[in-house]
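Here is a short walk through one chain.

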Amino acid sequence: MSAAIIEKYGDARLPRYTSYPTAPNFSAEFDALDYPAWLKALPDGQPTSLYIHIPFCRSMCWYCGCHTTITERDRPILDYIETLHREIELLASARADSFSVGEIHFGGGTPTIIKPEEFIALMDAFRNRLGFAGVVNAAVEIDPRTLTGEMADALGEAGVTRASIGVQSFDPKVQKAINRMQSVETTMETVEHLRRNDINAINFDLIYGLPFQTVESCVETVEAAVAMRPDRLAVFGYAHIPSFKKHQRLIDEAALPDVRERALQASAISDALVAAGYVRIGLDHFALPGDDLSLAQAEGRLHRNFQGYTTDACEALIGLGASSIGRLPQGYVQNEVPPGLYATRVSKGELPVAKGYRLTPEDRLRGEVIERLMCDFAVDVAAHAAAHGFDADLLLRNDRLDELERDGLIERQGGNIRVSDDHRFIVRAAASAFDAYLNKSGRSFSKAA
């Protein structure tokens, strides 16, 4: 792969397309009264997912891009959990018929910062006030540095089925540079705690492009990780945005790898995981061959949502907690981001919606095309357009697609678009060609875009 192609596309500032339109297009002018109406309109038995945001950590990892607050005290966390219970009651009262919750995901922050009994009480509230489907998959993100044996027991008791463990890198030099010291032994102990509680579906998160990271240290991290045999791994490139996340200013920019080194690190991690028996899923996930994610990809039913690649096909995703985003068939809603403002809105008996977006028929078409490209690296644009009642030229007469084709990164045959295996890393650029909102600026794929 040429250096020019890596330079042009490797560090382009493009969305991850976990939604379409993407969150910057949500509007504060959204009518918050639409949200309860959308909830009431869900058909009985409609499969529903929950996302619960816990925006607290005990210390700040300097690479972090999440909405989180550092606290050494438990009081803010306890107050927040109380507000979550009130939000659950508001959701329950907004809809007389039960939800049919089949998927639950706790994200953060550090979800396991809450106490074991508080976690169990939240799961009980979801079951008793919102209602569960016959089978429930529950996942939680975990920081191994703070997980106790008691909390692992509580996760098992509460019915958690999957755990996502933050690893990032096992290189001590890298860990020191990002303020996250975490040994292989600590991570292994967490895995053992979880498996003893029948939480056998384990994800690891890795990051490349961190300060002082090298190809060699990336491969060493992979080797240590696969020795614990997680079912899935997600591999992300570090996004350095100190103007937006001020704590990232604590990272030594001179120690960050350049775009070519980042590409080499990503490629080395991918090669090492495939050599260890993992299947590459989409852009940045890997899974064992028998994992549901691998089967979904092979059968063309892989999906993408705010948690990345998933087998979750629910049209209804309800976000709880500060900054959380939900999606219903009619569109998107996002809660207030500051925890204090979120709590104030809930205390007034209001669903704490700050922004939202009502989908148009064209949004649905474009979102479907983008999702299939992100999941399958190929899409029959003409077929999707016809199914939605649009002329395919609306999407196919496209300067950005022309540019990708000229650069040899996609193949076009009529209404079919395909990204080759050798150029998977540019799939977001291919997806962005169908993003009507991004393209309003007429920007190119250059790094400055």
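Buried means under 20% relative accessible area, with exposed over 50% and partly exposed in between (1.4 Å probe, protein chains only). By that cut-off, 54% of the 449 residues in the chain are buried. This is a predicted model: local features need pLDDT of at least 70, side-chain atom pairs count only at pLDDT 80 or more, and totals for chains, interfaces and linings use all residues. Residues are numbered from 1 along each chain as its sequence is written, and side-chain values use heavy atoms, without hydrogens and water.

Now the overall dimensions. The C-alpha trace spans about 55 × 55 × 40 Å along its principal axes. The radius of gyration is taken over C-alpha atoms, and the globule rule is 2.2 Å times the number of residues to the power 0.38. For 449 residues a compact globule would come out near 22 Å; the chain has 22 Å, which agrees.

Next, the contacts, meaning heavy atoms within 4.5 Å. Of those with a separation of 6 or more, 72% join residues 24 or more positions apart.

The chain has 16 helices and 19 strands. These are DSSP runs numbered from the N terminus: helices are H or I with at least four residues, strands E with at least two.

Take one pair. Helix H4 (residues 116-130) packs on helix H5 (residues 149-158) at an angle of about 15°, their axes 8 Å apart. Axes are lines fitted to C-alpha atoms, for helices over the stretch in contact, and angles run from 0 to 180 degrees between N-to-C directions. H4 contributes Pro116, Phe119, Ile120, Met123 and Arg127 to the contact, and H5 contributes Glu150, Met151, Ala154, Leu155, Glu157 and Ala158.
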